[in-house]
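I opened the model today to look up two things. My notes follow the order in which I checked them.

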Amino acid sequence: MYGTYLRRELVGRKKQTIIVAAGLAIAIALVMIVNSLAAGVRDAQAQALESVYGVGTDLTVTGAMPEPGEGGGQRFDFGEEGGATGEDGTTELSQSQLVSEPMRATLDASTLDTVTAVDGVSAASATLSLTNMTFSGELPAAPDDTTTTEGGTQGTPPQGEGGGGGFGGGSFGVDSFTVLGIDPTSTAVGPLSAVEISDGRALESSDEGGNVAVLDATYAATAEVVVGDTIDIGGEDFEVVGLVASTSDEADTASNVYIPLDVAQTLSGVGAVVSTVYVQAESSDAIAAVQADLEEALPDTTVSSQADLASTVSGSLSSASSLITNLGTWLSVIVLAVALVLAVLFTISGVSRRTREFGTLKAIGWSNGRVVGQVAGESAVQGLLGGVVGLVLGFAGIVAINLISPTISTAAAAETSTQGGPGGAGGGPGDGAFGNAVMQQGSTDIVLQAPVTLWVIVAAVGIAVLGGLVAGAFGGWRAARLSPAEALRSVG
Amino acid sequence: MTEIAPPALTKKPLTSFTTTGDEDMTMIDTGPAGVGDAPTAALYRLTDVTRTYRQKQRVIKALTGVGLEIGAGEFVTIQGPTGGGKSTLLQLLGALDRPSSGSVMLAGTDLANASDAELGRVRAREIGFVFQGFNLIPTLTAAENVDMALEPLGLPKAERATRVAEALAHVGLADRTDHKPTELSGGQQQRVAIARAIVKRPRVLLADEPTGNLDESMRDEILAVLEGLCAEGLTLIVVTHDSAVARRAHRRLRLDKGTVRDITR
C-alpha cells in the first residue's frame, strides 16, 4: 500500500513532481558537466605539462629570475673575414650562435648534486635551455656613387630602424630554434621522459661529448631534416641521430633540438651551469617535504611543484580552467541551492496543502513515523527522478561536448620566452628584410575532452539522494508536528 | 440507487466498567431512548473533563466539568450551537486530544494519560472516524482508501483485501472498489468513508456531521448504514445539527458553553 499511495500521490501531483524533479535534474546535470569539464581541463593541463616537463616530475628547481637589464639581446659581430664576397660584389654573411635564453637565470651544475642529496628525492635530472640563432643574409656591394642600385633604393633609412646605412638592397634573416642540453645518462625524469622515439634512437651515455642531436619530430618535419642529416648548432655540425615525438597527439616536445648537456655547456660558453633540475620524489606524500627541504638547501632558487607548474599553463586552457573553476562552480552551487530550496519549499507547501489528509491519516491510526515516512518517501522518489533525468541530461551534455570537441590552446610559460629577438642586428640597410622563424615551442592546441568519471556519477546520485532527503526531512518535520486534532480542526 | 448489504461485521468482546456510587452520573442515561436493543455495558466514561485552549492572551474553556458515560452499542448524538464544544468532545472521545483536566476512559484505557503512541494505537484499533467532508484521499481508489485504515494493523495482504471487500460490500459499494472519490457521488464517498471506519472492526464509530454535505435521500441512505452498524453492536457517536438524525439516536446530548446535558425525551 505504501508504494501504491506514493505512486498515486506523485502521479496525482504531476506539476509539483515535475518542477521538483526538473530543478534537481538541471542542478545535477550542471554539476556533472562542470565536474566533467574540470576533469577535462585538468587532463589537458597535465597533458600540456607532460609535454614540457615530462612524466613523473614532481618538482622543478630553476634559477631566480634575473633583474631587468641583465641579459639582453644577442649581438652578431662580423669581422673582415666574416662573409664571402661573390663576383658581383655581394657579400654573403652567416653566423650561428648558441646562446642561453634571455631572462632565464642559470644554476650552478652542482645544484644537481645538492638536489640528489636531499632526503625523499628518488631521481633528478638537469637540463640547459639554449637558443640557437643563425644570422644569414646578403650584403650587396657598397655603391661608389649616389645612383640607385638595382634592387635597392638609396635614401635615408626610415626613422626608428637604426642609424647608419646609406645603401639598400640587403636581405637578412634571423633563424632560431630551441636547444635543450640533457644528460644522456639520465632521461627517466625530465622532458624526454614523456616522448617516444619516432625514428632513429635517443641520446645515449656514449654520446657525451659528441656532436649528436635528437630533434623534435614536428620541428624536423618543418625544417625538412631527417635522421642522418647534419644541422648547424652554434657554428658546429651535429649529426641527427633520432627524432622524438610527444606521447600526446596534440602537443610538441619541450624543445626543437636535444644535445648532450656537456656539449651544450661548452658550445654555448656558459660553463658548468644548468637551467632546470627536474626532481622526482619518492612518493606523492613526500613532495611537500622535499619541496621545503630543497627551498632550504637552495635558497636562491625557485622550487616549483606540479601545482605551481599548472599555473604556468596559459592560453585559452587557462581561461577555460578559470571559467570552470569560477563561473561553472558557482553556477552549479547556485542552481543546486535553488533546486534544493525549491524542493524543500514545495514539499513543505505540499504538506500544508495536505493537512486534512495527514490529519485524517493520523486520526485513523497512522503513526507519526508512518506519515513522515510517506512524505520522505515521496521526496526521495522525486529526488531520484531528478537524479535519473539529471544523469541523462548530464551525459547528453558531456556527449555533446565530446562531439563538439572544443579546441583550446595551451602555452607553458616556461617555453614562451624562447624568442630571443635579433638583438645584434643593428645597422640600417634601407630595404633589408629580417626574417624571424622562431618555433613557438610549447604552444599547442589541445582538444578538450569531458571524461565521465565514477566521481561524477557518485556526485550526481549523491546530490539526488541529498536533495530528496533534505526536502523529505523538512516536509517530514512539518508533517510530524501536525497534531491530528488541530489538523482536523483547521480544515473544519 | 445501490442496494445496501445487510450488516455482517464481526463484533469484539466489550470491556465493562466498574463504577462507584460517588461518581457524578448526572449525564448518564438510564436506558435506550430510540430504536434497537438497550446497551448494557459502558464503553466511555468521562469524569469532570475540562478542556481549555489558549488563544493569544485569552483562555477559552471549550469543555467545563463534563461527566458522561456512553454504553457499548449505544447510538448517541451530540447537538449544540457552533463553538459549544461538540468537536472538542468528539476529539477527546476519539483519542485525538487530551483533556486539560479530568479523565476519559475508553474500555479501561485512560486516554487523558496515555502516550501519543498509545493514543495512536487506540485510534488504529478501537475507533473509526467519519467526517463531514469525507476526507478521502483523492488520488486513491475506494478500495485503497479503505485499505489505508488497515495499514497500521500490519495484517497479511490477503486478509486486508478480504476485509476491504467486505467493508465496501457492507456499505453497498462492492461494484465501486476501483472508483476514485471524484468518480463517486457525495453519498457514495461518505459510504467509502464509513467503510474505511469500520474495516478495522472498531468498538466505536465517531461521526462529525456525517450527513452535513448530503441531500435528504443520501442522508437517509447513510443513516440506514449507520443504524445497521449500530444494530450489530457498534457504538455510534454522532455530532450533528440535523434534528432528523438526532431523532433516530438512542440518546441525544446537547453541548452548550462547554457543558453537556441530556435532551432525550
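**Entry 1: strands of chain B.** I am working from a predicted model. I looked up strand β9 of chain B, residues 251–256, and found it joined to β3 of chain B, residues 75–79, by four bridges. The two strands run parallel.

β9(B) and β10(B) make a hairpin, with two residues between them. I checked the turn and found that B:Lys257 has a positive phi of about 55 degrees.

**Entry 2: chain A against chain B.** I looked up the contact list: 21 residues of chain A touch 25 residues of chain B. The buried area between the chains is about 2,100 Å², and carbon and sulfur atoms give 60% of this area.

Which residue of chain A forms a salt bridge with B:Glu144? I found A:Arg8, with the closest N and O atoms 2.2 Å apart. The count of salt bridges between the chains is two. I also noted eight residue pairs in polar contact between chain A and chain B, both residues at pLDDT 80 or more.

On the chain A side, the elements giving two or more residues are α1 (2–12), α9 (355–363) and α12 (484–491). By class, I logged ten nonpolar, four polar and seven charged residues on this side.

Key: Residues are numbered from 1 along each chain as its sequence is written. Chains are lettered from A and ligands numbered from 1 in the order in which they are written. This is a predicted model: local features need pLDDT of at least 70, side-chain atom pairs count only at pLDDT 80 or more; totals for chains, interfaces and linings use all residues. Side-chain values use heavy atoms; hydrogens and water are left out. Two strands pair if DSSP finds at least two bridges between them. Contact means heavy atoms within 4.5 Å. Buried area is the accessible area (1.4 Å probe) that two parts lose on being put together, summed over both. A salt bridge is a side-chain nitrogen of Lys or Arg within 4 Å of a carboxyl oxygen of Asp or Glu. A polar contact is a pair of N or O atoms within 3.5 Å; within protein, one must be able to donate a hydrogen and the other to accept it, and residues adjacent in sequence count only if both atoms are side-chain atoms. Ala, Val, Leu, Ile, Met, Phe, Trp, Tyr, Cys and Pro count as nonpolar, Asp, Glu, Lys and Arg as charged, and the others, Gly among them, as polar.
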